[in-house]
Amino acid sequence: MEFKKEILDNGLAVIGEFNPAAKSAAVGFFVRAGSRDETPQISGTSHFLEHMIFKGTETLSPLEVNQAFDDTGALFNAFTSEETTVYYAAVLPEYLEDITKLWSQLLRPSLRDEDFDLEKNVILEEMAMYEDMPHWDVLDKARTLYFQSHPCGNSVIGTRKSITELTSKQMRDYFSNRYAPNNITLCFAGNFDWDKMMQLAKDNCGYWQSQTVERHLLDYEGAVNTDKLEKQSVTRQHICLVSRFVSMQDKKRYAASLLGKILGDSVGSRYFWALVDNALAETASVSCDSMDGTGAMFSYIRCSNENEPKVIDTLRNIFKEIESNGMTQVELTAAKNKTLSALALKNEVPMGRLITVGFNWLYLNEYRDIEADIEAIKTVTLDEVNSLINQLKPGNFSRFTICGTAQ
Amino acid sequence: MLNKHVLKNGMVILGEPIEGVESVAFGFLLPCGSALLPSGHCGAANIIEDWIFRGADDLDNRALNDALDSLGINRSSSVGTNHISIAAALQAENLLPAIELYAKIITKPRLKDQQFIPAKQLALDGIAALEDDPRTKVMLNLYENFYPAPLGTSTTGKAKDINDLTEDKVRALIDEHFNYSKSIFAIAGNYDFDKLCKKMEALFDIECNQKSNELQLAQPGQKYTHFDNEGSQVHIGLMTPTAKPDDKDYYNIRTAVAVLSGGMSARLFTEVREKRGLCYAIGARYHGLKQAAGIACYAGTAAETAQQTYDVTREQFEKLHENITQEEIDRAKAGLKSQLIMSSESTAARTAGIAADYYLLSRVRSLDEIKEKIEQTSVDSVTEYLKNNKFNDYTVVTIGSTKVEM
């Protein structure tokens, strides 16, 4: 593996991790734009804009864009989170140039009114789809409950009101600032020709104008709130707990992710033994989100209505127990081995490396090779994990529940 | 390069080394899928899949799971129509100890009574959870109605059947259906095949039942089924029969499905989402079993646009043979070939591919063979197949606040 980087005069960071043994290549534009950068009036714009990027440029119609992607056979897509929008593609090496050129054209979109109006329907359908997925919807609502007025609580998809009322001008204004080149990283992974890609980036992105782009980084203690939504169409209890977690910039994030694994991996964790093994809950797991300057730990539990009180008691007992006695060395060793296996699998494909390398640059301005991550995981001590329990206090959580309507 | 070895008990061992990787993935296909179990036992496979992990041989539930975790194994298991699939991916140096644990799980599960209760409860919970996941529920019901029984038997199970199951009934099913001579073991990544085979030969050197798996197929289910639901969307599942994986026209139909719904420029996405904005999620895919196959389509839309979405979708199936262009075929082929090569980079995906090939075709296709066959499809061959096999037999399931007119 060999790392390459160059910053264009306009601030666009171009980086790449070259692996000559790879059969494919991956490319991604990582934009520092997400729902935390929105005001309530334009809630959902980052995500809507992600859809609009596929609608073409002054010279490319939406259908031509889709055909151009499909001509390369690429596995491509985009996703928007609270703080990033990522446009990516995995392709055979011979198509990398075409696909990179296409993405770079699309990142200067035309944002036509007629496309904007039609795509609004698709966004509203997407919103409806998530409403029919309570296991997804509960995470979104719990995040907002926990972060309150902190921008990381902004919904990625927005509200029906904000999307319906959003104008194409508001989107254009948002775009012109957040999609400045100095707010974007272009990343390559796998088998690629660096000189060729660099030239392509200069030719196609070199003219983009840099701007002053701001983001307010505030850490957040986190609210301790409880709320629920009753829906006639729902039959189970969908419970989400959100508590404090370390940021991407925090060196303790490896220890913190191991803490999350010990607590709530899908098998063999504290949650598994106390809730799932005995069928008190159907599923119970933890996901950890290290973000820009802050973080949040999410627990998702699904159970029957009658088991809900016992599930909550059990969760509180788990937190009490770990706050008093901590985790064990055996648990830490197992969590490390599972993490290292998952890392080995993820790193085998260029697409897996793309996401890691891209995010490391975006958040840390740093390249970390695979060995550095392996070493960081291997050297975490039990004391580090246990002191994080006291620092993060997972027992201080906000809880949101989606369940059926009371009989 | 494919490695193959047949154990004395008849289990086929298939392997494909992948250079430059540090991981290895392996999987067992055990002939105990939902369709193979007797009537009235729907969901027993889901209990089995859970119960066998709750202690094996000298290891109790806790000790077994701790042993799996200490090796860092990424585990997965699932119930399919024909098999229970048990898979693992891990760092290569832990392969042989991991194989020892999986051999215990398969050949010497403890199957304690007290562990049956939570296994059964979790199977019931999985069914209850479907009510909150209409998208998955619509497709499960679609397969059930589309395929001749028992091929479409729910891979999640039926609550009524599960409630009637006892420890002894499920133990008897395991004895009867864990037939190693009909089981397949596949491995891909970084491994030593000779050492692996010696280990497998020693671990699986035991007698087992030799049950045959011949299925008597009945008629498929009803053509249209609707479930009332007050959710935000109407979920539409539609399926129509097509060529099986071993059919000479298999690659023509795969290319045809890619023209219909391979990428974002494919016909369904273009007509339903891009031109009309009717849906966020719309797509069709090839769904092939050994005994039958179909093209399965899903769309989720608002109640007021459900009929239009259904009509536009069905029209695209019916017009698929019309005016297929060279560009469409080229894009379909590019997508199919890319998916193939990229999935070969992942040890876990390659393991699943090897095992599925062997089960469906009794041999494993090389990547070059698949590429060549995809390359051989053409505007003429795809059009001719579609003209001779027009889509006119649909099975439809909807969940939502409104029905559709077929």
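What share of the contacts in chain A with a separation of 6 or more comes from residues 24 or more positions apart? In this predicted model, such residues account for 83% of those contacts.

The C-alpha trace spans about 60 × 50 × 35 Å along its principal axes. Of the 407 residues in chain A, 62% are buried. The chain exposes about 15,600 Å², and carbon and sulfur atoms supply 49% of that area.

Now to the cysteines. A disulfide needs two cysteine sulfur atoms within 2.5 Å, and the two cysteines below show how far apart the sulfurs lie:

| Cysteine | Nearest cysteine sulfur | Distance | Relative accessible area |
|---|---|---|---|
| A:C240 | A:C288 | 12 Å | 0% |
| B:C279 | B:C297 | 8.7 Å | 0% |

The sulfur of A:C240 is therefore too far from that of A:C288 for a bond. A:C240 counts as buried, and B:C279 is buried too.

Finally, have a look at B:E271 in chain B, which sits in helix 10 (residues 267–274). With 16% relative accessibility, B:E271 counts as buried. Its side chain makes a polar contact of 2.9 Å with the side chain of B:K275. Setting aside neighbours within four places in sequence, B:E271 is in contact with B:R276, B:V312 and B:Q316.

Key
Residues are numbered from 1 along each chain as its sequence is written. Chains are lettered from A and ligands numbered from 1 in the order in which they are written. This is a predicted model: local features need pLDDT of at least 70, side-chain atom pairs count only at pLDDT 80 or more; totals for chains, interfaces and linings use all residues. Side-chain values use heavy atoms; hydrogens and water are left out. Buried means under 20% relative accessible area, exposed over 50%, partly exposed in between (1.4 Å probe, protein chains only). Helices (H or I, at least four residues) and strands (E, at least two) are DSSP runs, numbered from the N terminus. A polar contact is a pair of N or O atoms within 3.5 Å; within protein, one must be able to donate a hydrogen and the other to accept it, and residues adjacent in sequence count only if both atoms are side-chain atoms. Contact means heavy atoms within 4.5 Å. Accessible areas come from the Shrake-Rupley method with a 1.4 Å probe; for residues, only the protein chains shown count as cover.
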